[in-house]
Amino acid sequence: MIEIKELYYNYTDGSQALNNISLDLKKGRVIGIIGANGAGKSTLFMNIMGILRPSQGKIYYKQDPMTYGKSFLNNYRQQVGVVFQDPDKQIFFSNVFDDVAFALRNAGLDEILVNERVEEALRVMELLEVQKKPVHLLSYGQKKRVAIAGVLAMDPEVILMDEPSAGLDPAMKEGIVEIIRFLQNKGTKVVVSSHDMDFIYRITDYVYVLHQGRNRLEGSPEKVFLEEEIIRDCGLEIPWLIKVHRHMQVPVFKEESDLYHYWGEKSWKSS
Ligand SMILES: Nc1ncnc2c1ncn2[C@@H]1O[C@H](COP(=O)(O)OP(=O)(O)OP(=O)(O)O)[C@@H](O)[C@H]1O
């Protein structure tokens, strides 16, 4: 899988965006990369995709160091997909179907297979009804789903999602949670960055906290978010289920439903 060792990245104006970052995607099935604005998350994603080249340090894919030749990157990007924060940066074609088919056609897949893969991705993303629609007429949330469908259709081993839930209404956000669970169940590794700590707490099983380009903390979300002082120092929020644990003397629950179940049982016993 992907392993990053002692990665540094400096922009041409001298800003040091990544400062000795190491991470190993084997550590979780859904991995969270969190940090305040400017912490280095997008720069890290662009390094992982081979869009930016580290100033120092290495990225390994299945134990092989990343090289930046066309053939390595073409093969790598069929196995490692990215959904950028802004769907307009990812969508190139005028209609939904062709946009989702773009990378598959580019990889030279047979048109019958392209149709099968695209239809499946459109079905999963609930986009079948708009497949003939020009992309520029879609809502922001629909565009975001088109961008995800384009990556799903490639069926990569790893999917990076930069702020997948940003700007979405609650129903659409819930849809993203379902997609991540669907990917997790089928064994696709998901790496997700977000400013929404409740979302990260709920869907990840391992979290890396970045602060000013450095690794500040890592571990299970239950462990990481109990480090309240460090989390706040990194400019991040504490998820509400951890606040409830702290202030109401209840166990640490991962799911809202577990908390309600616990409360239900407690009040039943005391009545
Ligand atoms: N093109 C660039 N040129 C110079 N500096 C840059 C460039 N892009 C980003 N930076 C700097 O690199 C640092 C990391 O930025 P990055 O966009 O990776 O952070 P981020 O964690 O993704 O932030 P956000 O949460 O706001 O998206 C910041 O200090 C930023 O100002």
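The exercises below work through a predicted model, from its helices to its core and its ligand.

Local features need pLDDT of at least 70, side-chain atom pairs count only at pLDDT 80 or more, and totals for chains, interfaces and linings use all residues. Residues are numbered from 1 along each chain as its sequence is written.

**Exercise 1. Find which residues of α4 are buried and which are exposed.**

Step 1. A residue is buried if 20 or more other C-beta atoms lie within 10 Å of its own, exposed if 12 or fewer, and partly exposed in between; C-beta atoms are placed from the backbone.
Step 2. In α4, Val114, Val118, Ala121 and Leu122 are buried.
Step 3. Down the axis of α4, these buried residues fall within an arc of 100°, so they line one face. The arc is that of the directions from the helix axis to the C-beta atoms.
Step 4. Ile112, Leu113 and Arg123 are exposed on the other side of α4.

**Exercise 2. Decide how enclosed α5 is.**

Step 1. In α5, 12 of the 15 residues are buried, so the rest of the structure largely encloses this helix.
Step 2. Its buried residues pack against α2 (70-79), β6 (80-83), α3, α4, β7 (158-162) and α6. Contact means C-beta atoms, placed from the backbone, within 7 Å.
Step 3. Just after α5, Asp155 takes a positive phi of about 50°.

**Exercise 3. Name the residues that touch the most other members of the largest nonpolar core.**

Step 1. Such a core is a set of buried Ala, Val, Leu, Ile, Met, Phe, Trp, Tyr and Cys residues joined through C-beta atoms within 7 Å.
Step 2. Of its 73 residues, Val100, Val118 and Ala149 touch the most other members. Helix α5 (residues 140-154) gives the most to this core, with eight residues.
Step 3. Leaving out residues up to four places away in sequence, Val100 touches Val118, Ala121, Leu122, Val146, Ala149, Gly150 and Ala153.

**Exercise 4. Find the helix that gives the most to the shell around the ligand.**

Step 1. Residues around the ligand include Tyr11, Asp13, Lys41, Ser42 and Thr43.
Step 2. Helix α1 (residues 41-48) gives the most, with three residues.

Technical notes. Helix = DSSP H or I, 4+ residues; strand = E, 2+ residues; numbered from the N terminus. Contact = placed C-beta atoms within 7 Å. Near = placed C-beta within 6 Å.
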